[in-house]
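Biologist: I'd like to learn how to read a few features of a model like this one. Can you walk me through them?

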Amino acid sequence: MSGLSLLLNGMLLFVPVAVVLEHANPSGHVWIFIASGLAIIPLAGWMGRSTEEIASYAGEGIGGLLNATFGNAAELIIAVVALNGGLYDVVKASLAGSIIGNVLLVLGVAMLAGGVRFNVQNYNALAARSQAAMLTLAAIALMGMAVFRSQVGTGNAKLDTDLSVAIACVLLAVYALNLCFELITHKQLFVGEGGERKTAPRWSLRRSLLVLAGATVLVAWMSEILVGAIEPTTHSLGLNSIFVGVFVVAILGNAAEHATAVLAAMKNRMDLSLSISIGSSVQIALFVAPLLVLLSHIVGPAPMDLIFRPGLVFSVFFAILITAQVAGNGESDWLKGAQLIAVYLILGLLFFFAPTLPLVPSGSG
Amino acid sequence: MSGLSLLLNGMLLFVPVAVVLEHANPSGHVWIFIASGLAIIPLAGWMGRSTEEIASYAGEGIGGLLNATFGNAAELIIAVVALNGGLYDVVKASLAGSIIGNVLLVLGVAMLAGGVRFNVQNYNALAARSQAAMLTLAAIALMGMAVFRSQVGTGNAKLDTDLSVAIACVLLAVYALNLCFELITHKQLFVGEGGERKTAPRWSLRRSLLVLAGATVLVAWMSEILVGAIEPTTHSLGLNSIFVGVFVVAILGNAAEHATAVLAAMKNRMDLSLSISIGSSVQIALFVAPLLVLLSHIVGPAPMDLIFRPGLVFSVFFAILITAQVAGNGESDWLKGAQLIAVYLILGLLFFFAPTLPLVPSGSG
Amino acid sequence: MSGLSLLLNGMLLFVPVAVVLEHANPSGHVWIFIASGLAIIPLAGWMGRSTEEIASYAGEGIGGLLNATFGNAAELIIAVVALNGGLYDVVKASLAGSIIGNVLLVLGVAMLAGGVRFNVQNYNALAARSQAAMLTLAAIALMGMAVFRSQVGTGNAKLDTDLSVAIACVLLAVYALNLCFELITHKQLFVGEGGERKTAPRWSLRRSLLVLAGATVLVAWMSEILVGAIEPTTHSLGLNSIFVGVFVVAILGNAAEHATAVLAAMKNRMDLSLSISIGSSVQIALFVAPLLVLLSHIVGPAPMDLIFRPGLVFSVFFAILITAQVAGNGESDWLKGAQLIAVYLILGLLFFFAPTLPLVPSGSG
């Protein structure tokens, strides 16, 4: 863990590098993109760390709520900045990529790394099934919106927006009920992970708040630089922006947390590992995505709807389908990890080979 | 239960109200629709009650068969009347709505209501999985027909009809095998519910038959009034007829039975609750729907096929998918109930927001 | 078993019959098709038998590898011959048909035949789930290619081919890892079947190799005759070639092995039965199909891609979905068998009723 911390702190150097590049060589988009992207990783890590410290002061219930609400704050900031810039396609791609990445890449690497050390690893199947059903619910919402679009056509943006707001409210309500289930009525089910995560605070509350504020400001700054560089970078590399959104931008926001999930699996703490990986996907799908739909009425040039491109919807659906199948019986082995990673690779290849798509601000489309 | 009976019997007042409205104010379609719809609920309840009484005279095997065959008789009558009026879209929407409503709304409310009282409730996972597989089989048939249509096009109504009849026969055969499984070869699996449902008869056989005959006639009469009012009602309320079919007409036929499923869950009899809710869906999908396809060759202006609108097919598929996921492990809690209800809400919003569709008799389409 | 052997050996008579018909009456395509098809069944059986003998000489690990690699060699030969003749649609249809047939027809008949004798049969749920997840992974690859095609259009054959090669490599890598899992790191999980299948050799190694060589040559010859007769046969019977590929050609390659799976179930050896049926599907989907994509760059008139017709993709997906549902809990009964067979029937009807499609060499489409 110490080596990982050192690496993460070292990556903070990319913060000044990104700023210098942005001003010294504004046409070097690819380098600006890389530097700002790498800078976000340790900053997001510090945001998560300070949130946990603050949560440890707040007591079990409120603490869990804080962790659950701000756990993906870095991703939320990147998305809000992109939304503000009108990059709806990138926002949707990075949301989908985050859902996919957590259940396929993070959980896959965790099961593989853990399974290489331990022949079979066990975890609470009930909690895993409950979270998988949450994801299926979100997938149904996305799939339903896509079918709606295919049947109704693109004529009526007002309709799309109203429907998206209504469904976003349902998703947020279910997320609130889920928190209520995890933190209040059935907390004994999740006690394994709760015990791991909730430790005595090591920082003073003042220090935690300062770190959180500082990291938040810096993440917002780096996101501004990153988002500005996405279009020219994808253009000069000949990549399509959806691929970059799904497989690059999506990873930056919680790379640090991903490391924790893998390390936990290697210590045979599969419950913690699953609660981070599947839990992050649940949070993105049922909290961050619907929240962004609502926020887009305030911050964006136009409201964002919940209609994702068919390729994204199918990827999310199948990622969730195989995760539910693989994680439904309370046991994991290295082959399961390899299967999840293989699905991630297959989806990555499909998006990589898709022809370059124009990156136009797509309004409510 | 007594309070519920009282309420149901009170609702019988809507029978004369519907008749009076129909003759006194033929242009007040909305009120006629509401009154006839509400009148069907207690009548369907009496049909179910009298069928159970008759079944209790017939001995276990035949009794189970009678219950399984006539358990959704009210829905069958409504559908036949609508078929006779050429309202194919309404029939299909109400069939799909019935399948969806039973596994999402009824089972959802039952799990929620039961889960609020009991932390975790248990039921026979084997029976639930077997019934869920039945529903998946039916979903595959509907999905297959939709893919067939999308590939083959709409040119050949004869082909659609012949294929629909063939697939309806397969579904009916599987349903017959399912009855054989439940009532003969593996009845011990279902003994829990059987025990609950099969009590000593309380009515004389004569009384039971008279009540059944009377309720059947009245249901047919009310259905006639209801079906005639659907089109003008949806028109004057600005709703689309599919929404009304899926979420209104579908509920009338077995609202009384739904109450039983919820009450059973509140008494921690989850096996009975699941056998009513999932069992009703199985009956609609594998018995009522294919039977209507065959009947349509006799009673309708044109044969009905099994090609449902894409929105209906997707709704049925996803409703069944999440039900199988949620009900597959033999345990339920309030969050599972909330998840099912949320999916029902999401589907409801999607249909509600879909633009008004013209309600034309669609023949074999 | 002895009666079965006799029947199979008797069917060897179709080898000379096919050759004679081919030369005496070249326009009797239907009879040539039937004779060569029936001739392949016992030859494939002898190929499988001799492979097992050779495997028993090679020791457990390498033996398992040989069985796993050459277990579907007959199907591979038929496919290579068809590929060479440019019949891409038939190759794809027979691959899909093989995947579907093994999990629906073979497993269905096995569960039905076993379930009629034994009330409930048990098997290792862990191994079944692991194999089902493998199939889901392959279904995701096929589904992803179909979505890719629907989004990207048919403009760019080079793109389709490159993507297909990349995904084929991922599938082959996962298959290799699967073998590693089954034969090395977790072989204790599969010891039930391993024990059944690996017996002391009964033939000399020389005899085994001679039988294998002879049967291989004859299968290749019969395949040549069969493939040449497919187009005129489907034409004169008014069938569409996809139906013939999915439901006729697909069955020839491993009909003999299918009999073994059913016989095993009737002896209550469900682990062996599942390992043959689901295992064959895994082998076709993750080894034979991707291998053919690579081989097509050498033997075919044009490379074959992994883009299957929507009807095939949906069939494979739903076949795998219901198999995972039915085989996921370690128990089987006759109704499960009937359910699988019913799904096979439904898919068969859908393909049978689809209008006759032109059988043009479709290149990379």
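Biologist: How much area is buried between chain C and chain B?

Modeller: Keep in mind that this is a predicted model. Buried area is what the two sides lose in accessible area on being put together, summed over both. Here it comes to about 2,700 Å² between chain C and chain B, with carbon and sulfur atoms giving 78% of that. On the chain C side, Gln325(C), Trp334(C) and Phe353(C) supply 23% of the area buried against chain B, more than any other three residues.

Biologist: How many residues of each chain are in contact?

Modeller: Chain C brings 28 residues, and they are in contact with 35 residues of chain B.

Biologist: And how many salt bridges and polar contacts go with that interface?

Modeller: For salt bridges, the count between chain C and chain B is zero. Polar contacts do turn up: the rule finds six residue pairs across this interface, both partners at pLDDT 80 or more.

Biologist: Which elements give two or more residues to the side of chain C that touches chain B?

Modeller: Those are helix 14 (310–326) and helix 15 (334–353) of chain C. Helix 15 of chain C has the largest share of that side, at 11 residues. By residue type, the side of chain C that touches chain B splits into 20 nonpolar, six polar and two charged.

Biologist: Where does Asn268(B) lie?

Modeller: Look in the loop of chain B between helix 12 (255–266) and helix 13 (270–299). In chain C, Asn268(C) lies in the loop between helix 12 (255–266) and helix 13 (270–299).

Biologist: Why does Asn268(B) count as partly exposed?

Modeller: Partly exposed is the range between buried, under 20%, and exposed, over 50%. Asn268(B) has 34% relative accessibility, so it counts as partly exposed. Asn268(C) is at 35%, so it counts as partly exposed too.

Biologist: Last one: where does UniProt place a domain on chain A?

Modeller: An unreviewed UniProt entry places "domain: Sodium/calcium exchanger membrane region" at residues 30–181 and 208–352 of chain A. In the model, residues 208–352 of chain A are 83% helix and 1% strand, and the end C-alpha atoms of that span lie 40 Å apart.

Technical notes
Residues numbered from 1 in each chain as written. Chains lettered and ligands numbered in written order. Predicted model: local features only at pLDDT ≥ 70, side-chain atom pairs only at ≥ 80, totals over all residues. Heavy atoms only, no water. Helix = DSSP H or I, 4+ residues; strand = E, 2+ residues; numbered from the N terminus. Buried < 20%, exposed > 50% of the residue type's maximum accessible area, 1.4 Å probe, protein only. Contact = heavy atoms within 4.5 Å. Buried area = accessible area lost by both parts, 1.4 Å probe. Salt bridge = Lys/Arg side-chain N within 4 Å of Asp/Glu carboxyl O. Polar contact = N/O pair within 3.5 Å; in protein donor to acceptor, adjacent residues only side chain to side chain. Nonpolar A, V, L, I, M, F, W, Y, C, P; charged D, E, K, R; others polar. UniProt positions renumbered as here; feature names shortened; annotations may be inferred.
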